Amino acid sequence: MLYQHHGINTAFSGHYHEYFGPQADVDACVYLMMANEVIHETHPDAITIAEDVSGMPTLCRPVQEGGLGFDYRLNMAIPDTWIRLLKEVRDEDWGMMDLVNALCNRRYTEKTVAYAESHDQAL
């Protein structure tokens, strides 16, 4: 929803030019900003959580700062790491840095939801 290409055949490396520019779906971003503003104005205790694999930098920044206004982001690297380790790596060969990187890979002060299983792995 955030991009004109919908993330199809696109790898995100973390460089800002991948998130902003002609590939961004501005209408979708403005809609999400407006939806988060309405939710937080009408229900101040509400929490909104984004599911995004691209790592959009402003996803969890307040709308007043130019962000999309979500409160939390799902840390989708955690279930992906678990399933990869369980399926492809012998227990004794697990690297602790794989786990640490999956748990800590987020922007400074960005709140995330950590979870071990995903609906993607249930298929």
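Ala, Val, Leu, Ile, Met, Phe, Trp, Tyr, Cys and Pro count as nonpolar here, Asp, Glu, Lys and Arg as charged, and the others, Gly among them, as polar. This is a predicted model: local features need pLDDT of at least 70, side-chain atom pairs count only at pLDDT 80 or more, and totals for chains, interfaces and linings use all residues. Residues are numbered from 1 along each chain as its sequence is written, and side-chain values use heavy atoms, without hydrogens and water.

**Stop 1: the largest pocket.** Select Asp52, Val53, Gly55, Arg73 and Asn105; of the 19 lining residues, these lie nearest the centre. (A pocket is an open set of points on a 1 Å grid over the protein atoms alone, with protein on both sides within 12 Å along at least five of seven lines; lining residues have an atom within 4 Å of a point.) The volume is about 400 Å³. The lining has 6 nonpolar, 7 polar and 6 charged residues. Now colour strand S2 (72-74) and helix H2 (77-88): each supplies at least two lining residues. (Strands, E, at least two residues, and helices, H or I, at least four, are DSSP runs numbered from the N terminus.)

**Stop 2: helix H1.** Select residues 26-42. The 17 residues of H1, at 1.5 Å a residue, should span 24 Å, and the end C-alpha atoms are 24 Å apart, which agrees. (The expected span is 1.5 Å times one less than the number of residues.) Ala28, Cys29, Leu32 and Asn36 are buried (under 20% relative accessible area, 1.4 Å probe, protein chains only). Look down the axis of H1: the buried residues fall within an arc of 100°, so they line one face. (The arc is that of the directions from the helix axis to the C-beta atoms.) On the other side of H1, show Val26, Asp27 and Glu41, which are exposed (over 50%).

Note on methods: 1 Å grid on protein atoms, 1.4 Å probe; cavity = no way out; pocket = protein on both sides within 12 Å on 5 of 7 lines; lining within 4 Å. Points joined across faces, edges and corners; volume = space filled by probe spheres on them.
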